[in-house]
Amino acid sequence: MSQTISSRRGFLKAAALAGALAAVGGCASLGGSKAKVVVIGGGYGGATLARYLTLWGGGKIDVSLVERNPSFISCPMSNLVIAGYRKIEDITVSYDGLKARGVRVIQGEVTGIDATARKVKLADGSELPYDRLVVSPGIEFMWNDVGGMATAAAQEAIPHAWKAGTQTLLLQKQLMAMKDGGVFAISIPRAPYRCPPGPYERACLVADYLKKNKPKSKVLILDANEDVVSKKGLFTKAWQGTYGGMIEYRNNNELKEVDVASRTAILEFDKVKADVLNVVPPQRAADIARTAGLINVNNRWCDIDWLTMESKAVPNVHVLGDATFPAPTMPKSGHMANQQAKLAAAALIDLFDGKAPNANPMLMNTCYSYVSEKQGIHVSSVHHYDAAKKTMLPVTGSGGVSVAASVIEGDFAAAWARNIWADSLS
Amino acid sequence: MKQNTMRLAWRGVLLATAGLLAAAPAFAQTSVARSLAATCANCHGTDGHAKDGMKTLAGKPADEIIKLVSEFRTGQRPATIMHQISKGYTEDQIKMVAEYFAQQPAK
């Protein structure tokens with residue numbers, strides 16, 4: 001009898017050791033229950049993260065995705081919708097692909113995160129427990145920095161169209177209704193902001209539409225920056241060549257206030273009255289990042305560990321996409337959010353398996369822009385992890401921009417969209 | 001009896017540990033290749049299965065992919081963008097990516 005007990009004790013000791021090894025391994029699936037990942041935000045970052053956990057996770061990870069919108073609407077390609085060259089349906093993708101993969105997609109609003117109890121709280125009162133949380137919340141507009149724009153009515157009269165959907169259609173409608181000979185003015189905030197080439201692409205596509213339909217009109221770019229932030233040579237060539245004189249670029253023109261009733265942009269030294277006024281306001285990481293205490297750079301962005309995308313402010317919480325404090329020369333783009341998501345997915349799987357994450361991760365970026373309905377240009381970059389500086393740095397000698405705008409690259413831009421939407425959401 | 005049980009239990013632990021250790025390097029290599037290849041997926045599709053208008057890489061022989069990328073790097077083969085992107089990866093990384101795509105079943 002005593003022998004049996006001590007035998008059992010011996011076995012238990014060995015079993016405990018095995019358990020300890022597993023615990024060191026941290027493999028949440030060994031205990032029978034799956035590791036739980038909750039993802040907040042179903043944009044390029046969050047959707048891709050959810051999808052790749054199902055692709056790479058070996059069925060050992062339970063993935064829930066909370067998104068407030070019923071479907072994904074792409075910001076890239078949305079400037080084509082404004083100019084009337086695409087329908088909003090063409091840039092809308094459903095979450096059915098993710099659902100079919102077993103991702104629990106919840107349409108809802110996150111109200112809080114309890115990082116100690118590891119729970120996400122939703123507006124309907126429900127709670128989602130997690131082992132690891134991924135926050136890919138996108139941006140919030142800093143309306144307090146632009147006088148007169150704080151109300152919903154003001155934001156409807158003066159659209160930003162910097163989150164795709166209703167706002168895209170609002171701006172499209174205003175452009176279509178504008179009289180020939182009118183002025184379309186676009187205000188650009190200081191970098192960093194979402195999609196560096198986006199405002200310049202928009203100016204091109206609006207001009208393309210106006211040239212064909214309302215040729216006496218004008219596009220005015222009011223840029224808070226000292227110079228064109230992205231693809232300068234290629235954009236200025238289009239402005240001066242293709243649209244000869246129709247587009248006027250003004251640097252160092254930071255928007256201070258808007259007189260909504262008269263559609264007047266009030267700048268530091270000047271006032272500009274427009275027929276359509278499009279204000280892209282200054283941006284920061286979205287509200288839920290602030291609520292969760294994830295914002296730790298300039299009261300705007302979330303600093304993260306580039307090996308795992310884990311927040312430097314809150315443990316077990318990973319941040320993706322435009323909300324992150326960018327590494328040097330890294331753009332806030334949908335492409336980059338998708339890349340960061342795949343880095344994070346691999347890291348989460350390693351962490352759950354008790355392994356060190358990949359010590360040499362790579363990220364690459366391509367941003368295509370249209371300079372006309374058919375012609376495209378690009379900027380590309382490749383980034384590697386620098387262990388000494390603990391950040392991602394561009395690989396010397398890599399990346400660059402197009403030699404010239406071309407229809408081939410316009411077609412590549414459309415193909416890029418089809419492929420990244422499938423890679424993120426199918 | 002007691003010793004036998006202990007020994008068996010220990011053997012189980014050791015086997016399990018040895019198994020994990022043996023499997024680790026091969027798996028790590030695979031997952032690194034998989035992550036590298038995933039940086040191509042935005043344009044060339046998940047695991048190299050591209051949608052219309054981009055080149056599918058899944059199931060292509062590794063040598064063919066390596067040759068193509070090398071020619072982009074040297075400028076021997078004209079490109080709109082691949083000459084810029086290919087220079088961001090080392091030859092070893094390109095080999096890993098090519099071998100990963102070659103292993104993916106063509107659809």
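Predicted model: local features only at pLDDT ≥ 70, side-chain atom pairs only at ≥ 80, totals over all residues.
Residues are numbered from 1 along each chain as its sequence is written, chains are lettered from A and ligands numbered from 1 in the order in which they are written, and side-chain values use heavy atoms, with hydrogens and water left out.

Chain B has five helices and zero strands. Here helices (H or I, at least four residues) and strands (E, at least two) are DSSP runs, numbered from the N terminus. Along the sequence, the pattern of chain B reads α-α-α-α-α. Of the 107 residues in chain B, 38% are buried. Buried means under 20% relative accessible area, exposed means over 50%, and partly exposed is in between, with a 1.4 Å probe and protein chains only. A contact means heavy atoms within 4.5 Å. Among the contacts in chain B between residues at least 6 apart in sequence, 59% join residues at least 24 apart.

One helix pair in chain B can be followed in detail. Helix α3 (residues 62-74) of chain B and helix α5 (residues 91-103) of chain B have axes that come within 8 Å and cross at roughly 140 degrees. Because of this angle, α3(B) is oblique to α5(B). Axes are lines fitted to C-alpha atoms, for helices over the stretch in contact, and angles run from 0 to 180 degrees between N-to-C directions. Angles under 35 degrees count as roughly parallel, over 145 as roughly antiparallel, 65 to 115 as roughly perpendicular, and the rest as oblique. The crossing of α3(B) and α5(B) is right-handed; a crossing is left-handed if the near helix is turned anticlockwise from the far one by less than a right angle, and right-handed if clockwise. On the α3(B) side the contact involves B:A62, B:I65, B:I66, B:V69 and B:R73, and on the α5(B) side B:E91, B:I94, B:K95, B:A98, B:E99, B:F101 and B:A102. The residues of this contact divide into eight nonpolar, no polar and four charged. In this count Ala, Val, Leu, Ile, Met, Phe, Trp, Tyr, Cys and Pro are nonpolar, Asp, Glu, Lys and Arg are charged, and the others, Gly among them, are polar.

The axes of helix α2 (residues 44-56) of chain A and helix α11 (residues 407-425) of chain A come within 7 Å and cross at roughly 55 degrees. It follows from this angle that α2(A) is oblique to α11(A). The residues of α2(A) in the contact are A:Y44, A:A47, A:T48, A:R51 and A:Y52, and they meet A:W416, A:I420, A:W421, A:A422, A:D423, A:S424 and A:L425 in α11(A). This contact has eight nonpolar, two polar and two charged residues.

The loops of chain A come next. A:P192 lies in the loop between β11 (183-188) and α7 (198-213) of chain A, and a cis peptide bond, with omega about 0 degrees, joins A:A191 to A:P192. A:K231, in the loop between β12 (218-223) and α8 (232-240) of chain A, has a phi near 50 degrees, a positive value in a residue other than glycine. A:K231 counts as buried because its relative accessibility is 6%. A:N299 likewise has a positive phi, near 60 degrees, and sits in the loop between α9 (287-291) and β19 (304-305) of chain A. With a relative accessible area of 56%, A:N299 is exposed.

Two further loop residues lie beside residues from elsewhere in the sequence. A:V260 is in the loop between β14 (255-259) and β15 (264-267) of chain A. Its C-alpha atom is 7.7 Å from that of A:M149, 111 residues apart along the chain. A:A286 is in the loop between β18 (283-285) and α9 of chain A, and is buried at 6% relative accessible area. Leaving aside neighbours within four places in sequence, A:A286 is in contact with A:P137, A:G138, A:I139 and A:E140.

Finally, a search of the whole structure finds zero disulfides over all chains; a disulfide is a pair of cysteine sulfur atoms within 2.5 Å. For A:C75, the nearest cysteine sulfur is that of A:C195, 7.9 Å away.
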